[in-house]
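The sequence and structure are shown first.

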Amino acid sequence: MVQCPDRIIASIDTGVDDALALAYLLGSTDECELGGVIASYGNVDANTAYANTCAVLDLFGRADIPVFLGSEHPSWADAFIPDAGCAQFHGDDGLGNTRLAGSGALADGAGVPGDDMSGDDMSGDDMSGDDMSGDDMSGDDMSVDVPDEVVSVGGYLAGDVHAHPALGACSRVNRSRSVGHPQSTMPTALASGGKRRCSVDAADGIEYLIEQVREFGRDVTVLATGPLTDVDAAITRAPDIASKLRLVMMGGTLTQPGNCWDAVAETNIIQDPEAANRVFHSGADITMVGLDVTHQCLLPQSAADRWRATGTKRGRFLADLADFSIKANLEADPALFSGGMPLHDPLAAAVALDSSLVDCFDLALRAETNTGDFNGVRGRTTGDPVGLVNHSMPHVHVALGVDSERFLDEFVERMAEVCR
């Protein structure tokens, strides 16, 4: 009996490790079918994530895979500005400054719904370091024409002392926009088979996710490597899918410090703790692949060198991504990342295909949504104490152990193959 490959739907905020995860999935065609990608805010703004996703899929010859626009901002905010910390680890283009999607995310006429910014507006050349501080985020100074709305800067309120916008990001604030009806059977690639261009009538990624879960149930895995806003929006819009949803998510941390300013919260969770908390309590089948395991899976420089040695454009691109991330992580924490870059999103992608890579501890989980006495710290993932007395509460499979050697060997080898 021939076993059909797993079907994967990805919700991603395409930065460096998201791109590596995409490439890994594209090199795993015997094991999975990547049915579609929903590009959302997080490491970068949603428009940039959309353009980056299209560019990566095109580079690897998969313009047939549909790309949809997802959430542009957290559920608790009206607009989103990428954070300087994300730019530090992903580059100002989200892809390690490789400029794969062009000189700016919307280069060469690659437009997306709701965007009317010219290339000049996106340059950010006149943004000084002083202007980018979180203390003076007025609409005039920051080119943010939403003074009466709630603006998230990398998960923090615009006026928060920890809100530091990425250089040039403020001229591209994302606002709510209307999109067309879902095109679950229509890829966004050109019908002629030519190079994909980001489509001005891209479908609603949330509706696409709902359709896929309704059609395939747990025969499709939703892989979320960014904030859980897309998944939360889908469950909110269609509560019936929760019991049918299988989700593998990268985010959170249970036994380790976080990677945000306070060393408590993890980046994907701090972006939208309210959404994460609702998803954790939804009853979906959830596996959390967090810092507890991703920090054990470090990609060494030798892997990047091997990919570059293939001499192909794909190999150079993957090596450039790895080189950028290895350097950024080493500068941030020489003790923790002396062995290389942590493979956050690629590990989650691998677990979506092979759950035996990790050992999980099941518990009722919550994301803290407030900071203060008897609340904890916003963005922290902890056990939900109510679950200790109410055993019927939904439980999450939290990965605490990982076969890092097996994963790394397989990942490096598979990526070397996809470079050719």
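## Accessibility and cysteines

A residue is called buried when its relative accessible area is under 20%, exposed when this is over 50%, and partly exposed in between. C419, at 1% relative accessibility, therefore counts as buried. C360 has a relative accessible area of 39% and is therefore partly exposed.

A disulfide is a covalent bond between the sulfur atoms of two cysteines. The number of disulfides in this structure is zero.

## Confidence of the model

The model is predicted. Its chain has a mean pLDDT of 85, with 80% of the residues at 70 or more.

## The mixed sheet

How many strands form the open sheet, and in what order? There are eight, ordered β3-β2-β1-β7-β8-β9-β15-β12, and their pairing is mixed. At the edges are β3 (67–69) and β12, each of which pairs on one side only. From one strand to the next, the twist averages 25°.

In a regular strand the side chains alternate between the two faces of the sheet.

With strand β9 (residues 285–289), β15 runs parallel, and two bridges join the pair. T287 has H397 of β15 as its bridge partner. On the β12 side the pairing is antiparallel: strand β12 (residues 358–363) and β15 share six bridges. V358 stands opposite V402 of β15, and L363 stands opposite V396 of β15. The partly exposed C360 falls within the residue range of β12.

Helix α8 covers residues 273–280. Is α8 mostly covered or mostly open? Six of its eight residues are buried, and the helix is mostly covered. The buried residues are P273, E274, A275, A276, V279 and F280.

The helix lies across three strands, β8 (246–250), β9 and β15. Its direction is at about 130° to that of β9.

R99 counts as partly exposed because its relative accessibility is 36%.

F374 is likewise not a glycine and has a positive phi of about 65°. The loop that holds F374 is between β13 (365–367) and β14 (381–383). F374 is exposed because its relative accessible area is 87%, a value to be set against the cut-off of over 50% for exposed residues.

Notes
Residues numbered from 1 in each chain as written. Heavy atoms only, no water. Buried < 20%, exposed > 50% of the residue type's maximum accessible area, 1.4 Å probe, protein only. Helix = DSSP H or I, 4+ residues; strand = E, 2+ residues; numbered from the N terminus. Disulfide = S-S within 2.5 Å. Pairing = 2+ DSSP bridges. pLDDT = per-residue confidence, 0-100. Axes fitted to C-alpha atoms, helices over the stretch in contact; angles between N-to-C directions. Contact = heavy atoms within 4.5 Å.
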